[in-house]
Structure formats: structure tokens, C-alpha cells
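Visitor: Walk me through the helix packing and the voids here, please. Keep it brief.

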Amino acid sequence: MTAAAPETQRPSLAQTIRVLLVIGAASFGQSLNAYFQRELCDKRGWITEDQLLEDISIAHVLPGAVGGNLTVLVGRRLGGAPGAAGALAAIYGPGAMLMLIASALYLASGRLEAFESIFRGLALAAAGIAAGNSLSIAGREVRTWRAAALAPLAFVAVAILHIDIFLIVLLLGAFGIFLFRDECEPKKRSLPLPTAAKLKTS
Amino acid sequence: VQNLQEIPRLILVFFELGFSAFGGVTSTLPQLQHIAVTQRHWITSQQFVDVYALGQATPGPGSMMVIGIGYIVAGVPGGMAALLAMLVPVAMLTYLVGSQWDRLQNWRWRPPVEHGVIPVTVGLLLAGSFTLIHNTATDWVGAFVVLAAAGLFLTRRVNPVLIIILGGIAGYLTSRL
């Protein structure tokens, strides 16, 4: 099975779980993508940015928690079925423990007001991290006119028009495939001669 | 009040919820609120709001609130049952789709699919951040914290965990002003 592209190297299951446990404990509100990007792509080279973005779009199209889907897809790339199961446990484990403790404290005290301002600060910082990460990805990925046409369309459709994300990925995805149709690999034949000649003269 | 007999019902509800959540669990919140508060009387609407806030303040993917609902209904087993019922069946489907996608590695249409979908995903990420900021940064202090966090993150020198902690401290301090 070739889950990972040749330029990436696969970690062991123990390494995967160790790194993802830290991400699971640290990734507050919607900053999961940013952590995957920084820890798995930039720092360790376990997956490429294109692979991560591909997984993010698949995670959006499938039903279920987007973060959970993304964790399964990334875990599978890192180590097949054990990788996916280990990744899911590592990403959800720390938060699940904390949520159980928080729920018990909440039921015992019955009030949240004291923590609301802290929660708000956490959410604001996480929103900033998510925004910073999306902007830096956009800066790297939106380099052609075709990408520059598609990304703002998707942004407006979701953020302003509030169209269903599932529909957007399907429709704009199809439009994107249409725009990039010239990259479709030719059927198993050698390159026609005129192309090779043109390349030499230019 | 722990009610272990509700666990099969919890599993059923969250199993269904997992498969009906398209574009993230947030899209199913109205449905979940209807079932948990109005229909089953598992929790009050105030508890629903509070558990949502707790879930947002917990690290990990943003669906931790289901643990809170399960916990209020049936304690620790209830919390775990709710999370696993929502997560594991969908995870299996996701895994299958991931491996099928892998088998199309040499499909001639693969490059256009990859390159066509990536800009759309970038747009989704930007829209997600925009909506998040729109909903959380409702005043000047909020906008400042978001900008400061984004700036610190983009310098690549500051650990994101530290940024989050600073955000929490800023939230606490500004509520004292």
C-alpha cells in the first residue's frame, strides 16, 4: 500500500500517537488544521501540505465531525488502520478526559459564569490562530489565476451566502476540475511530435 | 441523576447524528437541541448552552459537547457512549473512502481533481476563520485579541499553546476592567 507520497517518511505508531496526543491536548477551538499543518507538514514532513488540504476537503464532504474525519484520513496516511485508530484515540483522548471532568464539576456547581470570560479569551485566540493559518496557506496555494478564481468563490459562498458546505465542495470542486482539465494525464501513448518540437524552439 | 437505561437510546441518537452531520457537527445543533431538550428531556436548554460553551473550551476537535450531554444523562459511561457512537461508525466510513481514494493514485483525472479541489478548500478555511471571528470578536478588545493571536502565530516563533493561554488571560483580565 502506498499511502504516503515518496517525499514523505512514515513515522512509527508510537511516534504518531505521541505527537497527536500533544496536538489533541493543545488544539483549542478550530485550530486543529493549524496544528496538523505545523507539526506534521512543516516540522516533521510526515505528510505534504497538498495531502493535508486534500484530506481537509474529503473530511468536509463526508458526514460526521470534520475534525474526526480529518484525523482518520491523516492517521491512515501515517500508519494504515492502526495509525487511524491510534490517531483518533490520541486526538480525542485528552479533550474527552477534560470534558468529563468539566461536566462533573459543572453538574456539581451548576454554574459557568466565573469561567465565561476565560472561555471567550480562549476562543478569540483560537480564532486568531485559525485565521493566521488559513492566510498563510492561502498565500502559498493561491498562485495561479485558476486558484485565484476558485478560492474567493468558495469563501463568498460559505461566509457571505451561507450555502451548504457539502454542496459547495461538490459544485465548486467540479468547476475546479473543469478549470484544471488540461492537467488530465494523456492516455497511455507517447507524446505527439509537434509538442516536443514546440518545446525545443521556445 | 444517572440513568444507565438511557444508554442504548443515547447510542442510537448520536449514531444517527454522526451520519446526518454534513459540513461539521455544528450544522446538527438545532436537531440535537430538539432531541435532547424538547423530545427526550435529557437536559434543560440552559444546560445545552452551557455544555456547548464547555465543549468549545475543551481542546480537540469541536464536538466535545456530546460528552457533556451523555454525562448529564448517564455519567461517565453515558459520556463515552455518546462520543463513541457519533465517532466510530463514521470513522470506519471515512477510512474506507480514504483507502478507495488511494487506489486511484494513477487515475488520469487525479491531477485535475487534486488541483481543482485545493483552492476550494483554501476558500473554506478562510470562510471558517471569518465566521469564527465574526461570531467571537464582537467588540474592539475581541478584535485586538484575534489580531494579536494571528500575528503571533504568523511569526512562527511562538508556540500556539502559549497564544491560547495568553488569550485566556486576556479574556479574564478584560472582564475585570
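Visitor: At what angle do helix α4 of chain A and helix α4 of chain B pack?
Guide: Keep in mind that this is a predicted model. The two helices cover residues 66-109 in chain A and residues 65-103 in chain B. Their axes lie 10 Å apart, and the packing angle is about 170 degrees.

Visitor: Are α4(A) and α4(B) roughly parallel or roughly antiparallel?
Guide: Angles over 145 degrees count as roughly antiparallel. The angle here is about 170 degrees. α4(A) and α4(B) are therefore roughly antiparallel.

Visitor: How do α2(A) and α4(A) run, parallel or antiparallel?
Guide: Helix α2 of chain A spans residues 32-43. Its axis is 10 Å from that of α4(A), at an angle of about 30 degrees. Angles under 35 degrees count as roughly parallel. So α2(A) and α4(A) are roughly parallel.

Visitor: Which residues in α2(A) meet α4(A)?
Guide: On the α4(A) side, the partners are Gly67(A), Leu70(A), Thr71(A), Val74(A), Leu78(A) and Ile91(A). By class, this contact has seven nonpolar, three polar and no charged residues. The α2(A) residues are Leu32(A), Asn33(A), Phe36(A) and Leu40(A).

Visitor: Is α3(A) oblique or roughly antiparallel to α4(A)?
Guide: The axes of α3(A) and α4(A) are 8 Å apart, at about 140 degrees. Roughly antiparallel needs an angle over 145 degrees. That angle therefore makes α3(A) oblique to α4(A).

Visitor: How many charged residues are in the contact of α3(A) with α4(A)?
Guide: The crossing of these helices is right-handed. By class, the contact has eight nonpolar and three polar residues, and the charged ones number three.

Visitor: Now the voids. How many cavities of 30 Å³ or more are there, and how much space lies in the largest cavity?
Guide: The count comes to three cavities of 30 Å³ or more. The space in the largest cavity is about 60 Å³.

Visitor: How many charged residues line the largest cavity?
Guide: Its lining draws on both chains, including Arg76(A), Arg77(A), Asp102(B) and Arg110(B). α3 and α4 of chain A and α4 of chain B each supply at least two lining residues. By class there are three nonpolar residues, one polar, and the charged residues number six.

Visitor: Which element gives the largest share of the lining of the second largest pocket?
Guide: That pocket holds about 350 Å³ of space. Of its 16 lining residues, those closest to its centre are Ile58(A), Val61(A), Val169(A), Val113(B) and Val117(B). By class, the lining has twelve nonpolar, two polar and two charged residues. The largest share, five residues, comes from α7(A).

Methods:
Residues numbered from 1 in each chain as written. Chains lettered and ligands numbered in written order. Predicted model: local features only at pLDDT ≥ 70, side-chain atom pairs only at ≥ 80, totals over all residues. Heavy atoms only, no water. Axes fitted to C-alpha atoms, helices over the stretch in contact; angles between N-to-C directions. Helix = DSSP H or I, 4+ residues; strand = E, 2+ residues; numbered from the N terminus. Parallel < 35°, antiparallel > 145°, perpendicular 65-115°, else oblique. 1 Å grid on protein atoms, 1.4 Å probe; cavity = no way out; pocket = protein on both sides within 12 Å on 5 of 7 lines; lining within 4 Å. Points joined across faces, edges and corners; volume = space filled by probe spheres on them. Nonpolar A, V, L, I, M, F, W, Y, C, P; charged D, E, K, R; others polar. Contact = heavy atoms within 4.5 Å. Left-handed = near helix turned anticlockwise from the far one by under 90°.
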